Amino acid sequence: MTLGTGEPAVDASGLHKRFGHTEALRGVDLRVAWGSVFALLGPNGAGKTTAIRVLTTLIRPDAGSARVAGFDVVRQAREVRYRIGLAGQNAAVDPNLTGTENLRLIGRLAQLPRTHIAPRAGELLERFQLSHAPDRAVRTYSGGMRRRLDVAAALVPRPPVLFLDEPTTGLDLQSRNELWNTIRELVAEGTSVVLTTQYLEEADRLAHHVAVVDRGVIIAEGTPAELKAQLGSTVIELGLDSEQAAARSQSVVAGLLARAPEREDSTVRITSDDGPRVLIDVLRLLDAAELIPTTLTVREPSLDDVFLALTGRHSESDQPSALASNGARP
Amino acid sequence: MTSAAIVIPSADIERRLPVVAAVRDAGAIAWRNLITYRRVPQLLVFSTIQPVIFVLMFRYVFGGAIKIPGGVPYVDFLMPGIFVQTVVFGAMAAAIGLATDLKTGLLERFRTLPMSRSAVLAGRTLADMSRNVFVIALMVLVGVAVGFRVHTSMLEVIAGLLLVLLFSYAMSWVFALVGLAVGDPETSQAAAFPVLAPLVFASSAFVPVSSMPTWLQGFALHQPVSAVITAVRDLTLGAQATGGSTGTDAIQALAWCAGILVVFAPLAVWRYRRTV
Ligand SMILES: Nc1ncnc2c1ncn2[C@@H]1O[C@H](COP(=O)(O)OP(=O)(O)OP(=O)(O)O)[C@@H](O)[C@H]1O
Ligand SMILES: [Mg+2]
């Protein structure tokens, strides 16, 4: 199949979707280049699934338009369906059918030629490490096996554009790494992938382009490197034994840092591109000021840190954090 | 990555005529639903045990106390009612099946595929009809074992059984709508029973309508379950046994089947389109 007349794999603009009083999407623009991985990164309720459902023709946007593989998702839904695969947030496979039967059913409904169906099912079972259980009813599969079968089902018609809604949620580390590798292989073969995730690490490792979604809008966008450049590659958290001590520590170390340290209650959070160096300097300064932290955490930034940096809120909560409300943040 | 046309690996997808695709897709869905019956035989066993218990109970426990006008043996009167009762309760399977598929997200996956829009419901109701062929055959055997005898020609008996099948098909569409609207298997079962119970029990299935209080007779005589049972009795016992006319009764029963289909099939399809 030859696609692409210069149009991107996904081109959406001004998507709005409302459910009752909830505005799930409030003007989302997306462009996904052919052959790339695009990650929608956001916390629970951000609107990721809603965006995927619009792009996969499951629901109509209230406003705005989207083209997938060059076709309009509302007016040319059928043409879009010939060119997409979706693995939704919950594994949508028939528990009473075997792995093979599930894939063959999808093959038939995806209008594959009859002779292609059985070999394709076998090939996918192999690829997703399910060839040891092709003839077992799926209800006997583990959660990870079910999830892999679900992704395999989305791949049956070799869709040029693949949508994965939180593909690795609930997978163990090994399964997750395997799925990441599979996604990379697919992309190397020419598939374009749109995935959603709550994990910054996943977006970082897998995606060429990341859009951070919050309450139905995209609040930041770019390559993983660009996003992280705003953020620092290391987060250092110092727990002090009182708010006063924390406030003092905050001002003691401030001069040292490119980004102003943040304080939340008795915790001081420092982000930096030069973690180890900064850590040593920070501890020296604190020692000199006779401020001894009770806890010390050094880690990579999480989605929550991205959120805090971008919105002043924690990603899990809809309440503005103490930082933003008392104006302590730069 | 954007400018030049990119060649994407893709299995050649077949573009079929819409009618051909609709039939094939419905067939694929029906196949999948029938596999479920084979793999989860409890579904079939429990839906047939209950009518068998009814046969034994009414034939041997209550039957002796029930007098049928016209001197028809009670077991002959009973079995047409049992056939219809069995398929009416069995039709709940459509609600349970569709609600389950809705809940697991399977319907959503189907809707991202370039398949025929009618296939999910057509496949569901076709699979239930095939199941009913089996169930009705089984109930005929059970009937014969407890002394059920027909009094008419083979052709009429077959017509009677086909009428039961047609009615079951119409009822499947009613329950397809219920399942999609309710969206939860347990709830749809709970919602269906209070509607079905009066239709099945306030009918001529187990006792002659003339034995009921007058205020109930009007309903019990003319509601669809009774209309179908009466026509099936005409076709298996002969019209003189019911005091009606086979032609008129059959037309009434067919009209009910057609009416239910005409109302509920489009409603179910409409509901399907806006559900997922
Ligand atoms: N069918 C629906 N009816 C009502 N509200 C809905 C519906 N679908 C989504 N919403 C609401 O829209 C908002 C966005 O939901 P969405 O499922 O898109 O979020 P998400 O980013 O996928 O979250 P999660 O990470 O939890 O999957 C939420 O507030 C949700 O409650
Ligand atoms: Mg979601």
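Before starting, I reminded myself that a polar contact is a pair of N or O atoms within 3.5 Å. I also noted that this is a predicted model.

**Entry 1: polar contacts of ligand 1.** I began with A:Asn44, where a side-chain N or O atom sits 2.8 Å from an oxygen atom of ligand 1. A:Gln89 also places a polar side-chain atom 2.8 Å from an oxygen of this ligand. For A:Glu166, I found a polar side-chain atom 2.9 Å from a ligand 1 oxygen. I then checked the cover: on its own ligand 1 has 630 Å² of accessible area, and the protein covers 64% of that.

**Entry 2: the shell.** I counted 14 residues around ligand 1, and the nearest are A:Gly45, A:Lys48, A:Thr49, A:Thr50 and A:Gln89. By class, I get 8 polar, 4 nonpolar and 2 charged residues. Which element gives the largest share of this shell? I found that helix 1 of chain A does, with 3 residues. Strand 3 (22-32) of chain A also supplies at least two.

**Entry 3: the magnesium ion.** I looked up the protein donors of ligand 2 and found OG1 of A:Thr49 and OE1 of A:Gln89, at 1.8 to 2.2 Å from the ion. These two are 40 residues apart: A:Thr49 belongs to helix 1 (residues 48-55), while A:Gln89 is in the loop between strand 7 (84-87) and helix 3 (99-109).

Entry 4: I read 25% relative accessibility for A:Thr49, so I logged A:Thr49 as partly exposed. A:Gln89 has 36%, so A:Gln89 counts as partly exposed too.

Note on methods:
Residues numbered from 1 in each chain as written. Chains lettered and ligands numbered in written order. Predicted model: local features only at pLDDT ≥ 70, side-chain atom pairs only at ≥ 80, totals over all residues. Heavy atoms only, no water. Donors = N, O, S within 2.8 Å, 3.2 Å for Na, K, Ca; no water. Helix = DSSP H or I, 4+ residues; strand = E, 2+ residues; numbered from the N terminus. Buried < 20%, exposed > 50% of the residue type's maximum accessible area, 1.4 Å probe, protein only. Near = heavy atom within 4 Å. Polar contact = N/O pair within 3.5 Å; in protein donor to acceptor, adjacent residues only side chain to side chain. Areas by Shrake-Rupley, 256 points an atom, 1.4 Å probe, with all protein chains shown as cover. Nonpolar A, V, L, I, M, F, W, Y, C, P; charged D, E, K, R; others polar.
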